[in-house]
Amino acid sequence: MMALYFLLLIPGSYLTPAEQFCPEDKGPYTKEQPCRRPTLFAFEGVCSSIFFLLSTLSIQSWYVHKEPSTKLPPNPIGRVYGYLPRSEQIAAISFTFQLWSVVTTPFIPEFYSSIMMGHHILATITSYLALQYQTYHYYIMVFLALSEVSSLPLVIMGMAKYYPSHFGFMKAVAEPLFVVLFVYYRVIVWNRVSWLLWKDSLAVLKVKDGKSNDGKKVNIASEYRPGKAFVLYVILTIDVILGLLQLFWFTKIMVELLMVLGIDVIDFNPGFE
């Protein structure tokens, strides 16, 4: 991000954002001293790079090589505790990126909101737990990487919004593509995989008949990760929150779509963005 930031400060290399994104206290702006918001482009540049990387890694693994279904045992133990090098790589990339987002987002008003900060924090926790305790490698490929396929056209939409004179022509293609990809990956696929996540998690948390030698209850979770069952409960809680967040965003997208079609709808925005 810093490289992009300083590159855009070089005279003649800057991009001029739309007028509403130019701080009034930094004006007046002239041709010789134009409005510059290098942080906007730098932030979107970093996001697009990471989204492309995560999308590429997950598409190769999920669709091309089919690693989650061929290299992991097709049962709850395999999907919850199985190891995939690609998923470990994805968790490391996601943790770094989400933690970076938590630190940098508050300094860029256009990207800062309570709901986005919450999303970044929860994604950071999920990435860390998957990386630290080697759990849910089957699932994080979807939640942390494959779902980011829908974020690629979203970045293009952002660039068209902030720099319409440079990227506005891409908006007509990016918007419908975003809607289609969001509905498929963050509503259909997300909820289908979440259902399997809960089914597998409850299976490994289910108490077996009998007790261990020390009198404690025994389940698969305690056998594979002694004392680490809390990780599963944390991930399940986060899954509910992020799942509801996807549905919230989906509802907003549908409202915007109906408004574009000329259908009057009620603005349900609770005001915590």
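Colleague: Glu67, buried or exposed?

Modeller: Buried, in this predicted model. Its relative accessibility is 12%, and the cut-off for buried is under 20%.

Colleague: Which element is Glu67 in?

Modeller: Glu67 belongs to helix H3, residues 67-70.

Colleague: And what does Glu67 touch, sequence neighbours aside?

Modeller: Beyond four places in sequence, Glu67 contacts Ser61, Leu72, Leu84 and Arg86. With Ser61 there is a side-chain polar contact of 2.6 Å.

Colleague: Switching to aromatics. How many aromatic pairs are there?

Modeller: There are 18. One of them is Phe43 with Phe111, which counts as stacked because the ring centres are 4.4 Å apart and the planes sit at 25 degrees.

Colleague: Where do Phe43 and Phe111 sit in the chain?

Modeller: Phe43 is in helix H2 and Phe111 is in the loop between helix H5 and helix H6, 68 residues apart. Both Phe43 and Phe111 are buried.

Colleague: What about Phe143 and Trp190?

Modeller: That pair is tilted, with 4.7 Å centre to centre and 55 degrees between the planes. Phe143 is in helix H7 and Trp190 in helix H10, 47 residues apart. Phe143 is buried at 15% relative accessible area, and Trp190 is buried at 3%.

Colleague: Now the surface. Which residues make the nonpolar patch?

Modeller: Ile59, Tyr63, Val64, Tyr184 and Ile188 make a patch of about 420 Å². Helices H2 and H10 each give two or more residues, and the largest share, three residues, is from H2.

Colleague: How exposed is Ile188?

Modeller: Ile188, in helix H10, is partly exposed, at 42% relative accessible area.

How values were computed: Residues are numbered from 1 along each chain as its sequence is written. This is a predicted model: local features need pLDDT of at least 70, side-chain atom pairs count only at pLDDT 80 or more; totals for chains, interfaces and linings use all residues. Side-chain values use heavy atoms; hydrogens and water are left out. Helices (H or I, at least four residues) and strands (E, at least two) are DSSP runs, numbered from the N terminus. Buried means under 20% relative accessible area, exposed over 50%, partly exposed in between (1.4 Å probe, protein chains only). A polar contact is a pair of N or O atoms within 3.5 Å; within protein, one must be able to donate a hydrogen and the other to accept it, and residues adjacent in sequence count only if both atoms are side-chain atoms. Contact means heavy atoms within 4.5 Å. Patches are made of residues with over 30% relative accessible area and no salt bridge: like charges are joined within 9 Å, nonpolar side chains (Val, Leu, Ile, Met, Phe, Trp, Tyr) within 5 Å. Accessible areas come from the Shrake-Rupley method with a 1.4 Å probe; for residues, only the protein chains shown count as cover. A salt bridge is a side-chain nitrogen of Lys or Arg within 4 Å of a carboxyl oxygen of Asp or Glu. Rings of Phe, Tyr and Trp (its six-membered ring) pair if their centres lie within 6.5 Å; planes under 30 degrees apart count as stacked, over 60 as edge-to-face and the rest as tilted.
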